[in-house]
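I opened the model again today and kept notes as I went. Here is what I looked up, entry by entry.

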Amino acid sequence: MTKLHKHRSRAVTDGLTRTPHRAFLRATGLDDEAMRKPFVAIVDTHGENTPCSMSLNQVSDNVRLGVAAGGGVPIRGSAISVSDGTSMNHSGMRMSLVSREVVADSVELFVRAHGYDALVGIAGCDKTLPGILMGMVRVNVPGVFLFGGAMLPGTAPGALPGGDGPGARRQATILSAIEAVGTTQRGAMSRQQLTALEKACTPTAGSCPGQFTANTMAMVAEALGLAPLGSAMVPAVYSERIAIARRAGETVMRMLEQGGPLPRQLVSVKSLENACAAVAATGGSTNAALHIPAIAHEAGIAFTLDDVQRVFARTPLIGDLQPGGRYLAQDLHHAGGVPAVLNALLAGGHLHGDVPTLDGVPLEQALRGFGGPDGEVVRSCDTPLSPDAGVVVLRGNLAPDGACLKTAGLRSLSFRGIARIFECEEDCMAVVAARDYREGQVLVIRNEGPKGGPGMREMLSVTAAIYGQGMGEKVALLTDGRFSGATRGMCIGYVGPEAAEAGPIAWLRDGDVIHIDARAGLLQVEVSDAELARRRAEAPPAPRRQLAGVLEKYAALVRPARLGAVTHSGAVAWPYEQPTPGDQA
């Protein structure tokens with residue numbers, strides 16, 4: 001590999017014409033010696049708006065120590081985060097997926113504008129993880145990703161109604177509170193119990209502790225080779241995170257000295273398939289089917305929902321993790337972390353062991369330093385929880401471009417029901433809150449896709465209320481929007497094409513019969529092609545919505561969900577600066 005060391009930052013620090021640049025840098029506390037060293041960006045998404053991001057300051061501070069110990073100059077910057085926890089179930093959720101692009105853009109702006117030589121990216125919430133990862137691949141300087149870690153579980157005021165977890169079932173998470181809303185609505189929990197649960201289920205900083213989107217994407221980062229092996233599942237409040245952060249700073253300096261491997265050398269078709277296998281094997285968030293293609297897009301790799309489906313279809317479910325299973329990130333950490341999952345997949349022939357890691361050694365070699373499955377939290381591929389993946393892609397005349405369903409924990413993999421149509425999430429939520437729906441219905445929420453929303457809201461409040469009301473698998477829910485990683489039940493999202501792109505979901509009517517078969521990968525409406533075409537021809541033009549600000553820009557640029565809902569053409573090139581005329585005068 002070509003030695004890089006101080007390479008990009010020379011465009012800022014070296015030469016006669018860079019005198020004013022150096023003057024600005026001196027005002028930040030840098031001296032001559034510091035300006036001879038490489039500049040390393042540390043970009044985090046720290047914020048006080050969500051427990052997921054509150055602990056990132058300490059992580060970044062300790063990365064600084066590692067970078068300094070390795071001979072670099074650490075320079076911190078922050079990107080915004082949007083809390084899915086407090087933006088859900090109202091119009092603020094339209095900003096969530098949009099924020100992924102803003103975070104990735106922020107990484108590019110910060111690193112390219114200042115000519116930084118390397119990058120450590122730190123994130124803690126659902127969209128900030130893929131946003132930072134996308135930004136790392138986009139700028140393609142030596143980089144390390146760190147997850148802030150999950151929170152510890154809280155407690156419930158007595159056994160949760162309907163709880164079927166291990167032990168006394170006093171353990172609770174944010175999902176317990178969300179689903180308890182529906183439980184309270186049906187009269188099986190008192191308002192006092194609900195309030196007690198609200199105050200006790202989220203006791204620490206950190207992300208949601210199940211295999212929801214944040215932990216799923218942290219696992220993806222390890223599988224791609226962008227994060228240190230064994231780092232993802234360490235809880236946010238464990239002191240071990242301090243050591244991990246310092247080592248990450250040292251690691252990025254070593255990568256800088258050696259010239260890589262660079263993010264686009266780590267992100268390949270093989271490593272993307274490894275990431276998909278890890279998601280499928282643990283019943284991870286369906287959002288990964290949106291984010292993995294988006295990360296690939298940054299590297300200039302065409303990796304669509306079709307590619308995700310091929311890996312999902314051949315991967316067994318071996319991780320017994322919530323929401324479909326019993327255990328949390330803390331339990332997986334003590335059972336060996338992500339390497340335990342990867343070792344199980346490697347032994348079962350479901351992983352490419354020849355892809356590189358941060359240290360430059362093949363993944364198979366790097367995994368020899370870690371243990372395999374414990375048999376309880378993570379099983380071997382010989383004794384899986386299910387021979388089928390915990391996440392499947394469905395297709396049919398209702399979703400020609402595909403749709404996603406998390407099957408982990410489902411008792412039945414098929415459903416046939418009568419459609420009940422809602423034009424937005426709020427309309428459906430009002431009906432669910434009033435319990436004005438019945439068994440056997442397929443609740444259809446449309447106009448919530450990337451372009452139609454705009455912003456592709458996730459429907460966790462709706463799905464959790466349905467589950468809490470005891471109707472989790474007695475009805476199905478179908479949308480061109482998204483679902484949270486915490487969603488469980490017969491919930492199908494990412495239906496494509498979306499309604500705003502004249503997808504078949506736009507022409508559904510109340511009373512249509514919808515057939516869902518996860519084993520056959522089928523999502524079908526029992527209406528003829530001719531009838532769907534007639535409905536489309538007779539439909540009045542959709543009313544134009546008044547948009548401005550970030551949503552107007554997003555709706556104009558966003559591409560379909562099957563392509564990752566990306567907003568640019570991918571594979572950004574960052575050429576090296578040519579010497580400025582007169583620089584050596």
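**Entry: Met35**

I began with contacts (heavy atoms within 4.5 Å): leaving out residues up to four places away in sequence, Met35 touches Lys6, Thr13, Arg22, Leu25, Arg26 and Leu30. For the record, this is a predicted model, where local features need pLDDT of at least 70, side-chain atom pairs count only at pLDDT 80 or more, and totals for chains, interfaces and linings use all residues. Residues are numbered from 1 along each chain as its sequence is written, and side-chain values use heavy atoms, with hydrogens and water left out.

Met35 is found in helix 3 (residues 32-35). Helices (H or I, at least four residues) and strands (E, at least two) are DSSP runs, numbered from the N terminus. Is Met35 buried or exposed? The relative accessible area is 6%, so Met35 is buried. The cut-offs are under 20% for buried and over 50% for exposed, with partly exposed in between (1.4 Å probe, protein chains only).

I traced an open sheet of 4 strands, with order 2-1-3-4 and parallel pairing. Strand 2 (73-78) and strand 4 (143-147) each have a single partner strand, so these edge strands have one side left without a neighbour in the sheet. From one strand to the next the twist averages 20°. Two strands pair if DSSP finds at least two bridges between them; strand 3 (residues 118-123) and strand 4 run parallel, joined by 5 bridges. Val120 has Val144 in strand 4 as its bridge partner.

I then looked at what packs on this sheet. Helix 4 (residues 56-69) does, touching strand 1 (39-44), strand 2, strand 3 and strand 4. Its direction makes about 160° with that of strand 2. Axes are lines fitted to C-alpha atoms, for helices over the stretch in contact, and angles run from 0 to 180 degrees between N-to-C directions.

**Entry: Gln322**

Where does Gln322 sit? I found it in the loop between helix 15 (305-313) and helix 16 (329-334). Gln322 is buried, at a relative accessible area of 12%. Its side chain reaches the backbone oxygen of Arg326 at 3.2 Å. Not counting residues up to four places away in sequence, Gln322 touches Gln171, Thr173, Gly210, Gln211, Phe212, Tyr327 and Leu328.

**Entry: strand 13 and its partners**

Strand 13 (residues 513-517) is mostly covered, with 4 of its 5 residues buried. I found antiparallel pairing with strand 9 (residues 414-422) over 5 bridges, and with strand 14 (residues 522-525) over 4 bridges. I followed His515 both ways: His515 is the bridge partner of Arg416 and stands opposite Gln524 in strand 14. The hairpin of strand 13 and strand 14 has 4 residues between the strands, and Gly521 takes a positive phi near 65° there.

**Entry: lining of the largest cavity**

Last, I listed the residues lining the largest cavity, among them Thr286, Cys404, Phe483, Arg488 and Cys491. A cavity is a set of points on a 1 Å grid over the protein atoms alone where a 1.4 Å probe fits but cannot get out, and lining residues have an atom within 4 Å of a point. Strand 8 (399-406) and strand 12 (491-496) are the elements that give two or more residues to this lining. Which element gives the largest share? Strand 8 does, with 3 residues.

Technical notes: Polar contact = N/O pair within 3.5 Å; in protein donor to acceptor, adjacent residues only side chain to side chain. 1 Å grid on protein atoms, 1.4 Å probe; cavity = no way out; pocket = protein on both sides within 12 Å on 5 of 7 lines; lining within 4 Å.
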